[in-house]
Amino acid sequence: MSTDRPLNVLFLCTHNSARSILAEGLLNHLSAARGGRFKAYSAGSSPKTAPNPLALKVLAESGIATEGMRSKSWDDFAAADAPVMDLVITVCDNAAGETCPYWPGQPATAHWGYPDPSAIEGSEEERLRAFRQTLLAMQRRLELLLNLPASALERLALEGSVRELAKQAPANPA
């Protein structure tokens with residue numbers, strides 16, 4: 001992995017409308033505040049036409065930029081002109097079980113499953129609470145990722161490092 005560019009991280013979820021959008025926005029926000037060590041992207045196998053409005057609302061409430069965020073196909077990131085990914089993280093169980101495209105550069109992979117906040121039924125406030133909880137759970141893991149020493153981010157160690165983070169920071173806030 002090159003140290004002269006940020007590590008590219010692709011978050012995958014089937015529809016690329018909620019969890020992967022939250023993760024992309026959050027990691028880019030947190031990384032920018034710490035020198036830009038990571039660059040996040042998101043995509044899905046069957047992307048929706050647009051991100052879930054509640055995902056965008058929760059990001060905006062948290063001071064995270066949402067301009068230009070859109071649902072994208074994971075095929076966009078398997079193309080020859082796509083950014084080379086260093087790490088691919090599935091954030092939903094469906095995407096983890098799907099056959100992913102070939103990723104140029106053979107990035108490290110991990111699964112960080114989170115409950116789907118868009119599946120919550122109820123009032124808008126109850127649904128927003130689910131999105132906020134998911135964002136908080138993601139923040140715990142992403143803070144750990146941001147704090148990993150450079151040696152843990154070397155290509156061979158990266159996969160083990162990020163898989164271990166799934167155990168250290170549970171997806172469901174206690």
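Modeller: Here is a walk through the contact of helix 2 with helix 4, with a few of its surroundings.

First, some ground rules. This is a predicted model, in which local features need pLDDT of at least 70 and side-chain atom pairs count only at pLDDT 80 or more, while totals for chains, interfaces and linings use all residues. Residues are numbered from 1 along each chain as its sequence is written, and side-chain values use heavy atoms, with hydrogens and water left out.

Now the overall layout. The protein chain has five helices and four strands; helices (H or I, at least four residues) and strands (E, at least two) are DSSP runs, numbered from the N terminus. Along the sequence they come in the order β-α-β-α-β-α-β-α-α. Of the 174 residues, 46% count as buried (buried is under 20% relative accessible area, exposed is over 50%, and partly exposed is in between, using a 1.4 Å probe and protein chains only).

On to the pair itself. Two packed helices are described by the angle between their axes and the distance between the axes. Helix 2 covers residues 53-61 and helix 4 covers residues 124-146; they pack at about 65°, with axes 9 Å apart. Here the axes are lines fitted to C-alpha atoms over the stretch in contact, and angles run from 0 to 180 degrees between N-to-C directions. The crossing of helix 2 with helix 4 is right-handed, meaning the near helix is turned clockwise from the far one by less than a right angle.

Which residues of the two helices meet? Helix 2 brings L54, A55, K57, V58, L59 and E61, and helix 4 brings E124, R127, L128, F131, R132 and L135. Contact means heavy atoms within 4.5 Å. Sorted by type, the residues of this contact are seven nonpolar, no polar and five charged (Ala, Val, Leu, Ile, Met, Phe, Trp, Tyr, Cys and Pro are nonpolar; Asp, Glu, Lys and Arg are charged; the others, Gly among them, are polar).

Two of those charged residues pair up: R132 and E61 form a salt bridge, 2.8 Å from N to O. That links distant parts of the chain, with R132 in helix 4 and E61 in helix 2, 71 residues apart. A salt bridge is a side-chain nitrogen of Lys or Arg within 4 Å of a carboxyl oxygen of Asp or Glu. R132 also makes a salt bridge with E125, again 2.8 Å from N to O. Shared partners join E61, E125 and R132 into one network. As for how open they are, R132 is partly exposed at 28%, E61 is partly exposed at 41%, and E125 is partly exposed, also at 41%.

Next, look at N52, in the loop between strand 2 and helix 2. N52 is buried, with 17% relative accessible area. A polar atom of its side chain lies 2.8 Å from the backbone nitrogen of L54. Leaving aside neighbours within four places in sequence, N52 touches S17, S118 and F131.

Conventions. Polar contact = N/O pair within 3.5 Å; in protein donor to acceptor, adjacent residues only side chain to side chain.
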